[in-house]
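Please look over the sequence and the model shown here before reading on. The notes that follow go through it step by step.

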Amino acid sequence: MEPQQIIQCDSACTVTVVHELSLPPFQLTKEEGAQIALAIGAVWIVGWAIRMLARVLSTGDGNPPAEGN
């Protein structure tokens, strides 16, 4: 929160107070948004790579078994 503001007028005056809703996720710069998007993309890529590695390891050498032997 901002520190308290005191407004003093020599004569009658009008003070207008503007309240703004401040949500940090919507106040990102383009660079900060790009960094977050890159981090999310990197997590997806690592997850995909782990899934592919697990699939390769679970199927053995990747060659189908020979029939009739």
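The paragraphs below take the overall fold, then one surface patch.

This is a predicted model, in which local features need pLDDT of at least 70, side-chain atom pairs count only at pLDDT 80 or more, and totals for chains, interfaces and linings use all residues. Residues are numbered from 1 along each chain as its sequence is written, and side-chain values use heavy atoms, with hydrogens and water left out.

The protein has one helix and zero strands (DSSP runs, H or I of at least four residues for helices and E of at least two for strands, numbered from the N terminus). Of its 69 residues, 0% are buried (under 20% relative accessible area; exposed is over 50%, partly exposed in between, with a 1.4 Å probe and protein chains only). Carbon and sulfur atoms hold 61% of an accessible surface of about 7300 Å² (Shrake-Rupley method, 1.4 Å probe; for residues, only the protein chains shown count as cover).

A nonpolar surface patch consists of Leu28, Ile36, Ile40 and Trp44, which together have about 450 Å² of accessible area. Patch residues have over 30% relative accessible area and no salt bridge; like charges are joined within 9 Å, and nonpolar side chains (Val, Leu, Ile, Met, Phe, Trp, Tyr) within 5 Å. A salt bridge is a side-chain nitrogen of Lys or Arg within 4 Å of a carboxyl oxygen of Asp or Glu.

Trp44 sits in helix α1, residues 30-58, and is exposed at 66% relative accessible area. Leu28 belongs to the segment before α1 and is partly exposed, at 38%. Beyond its neighbours within four places in sequence, Leu28 contacts Gly33 and Ile36 (heavy atoms within 4.5 Å).
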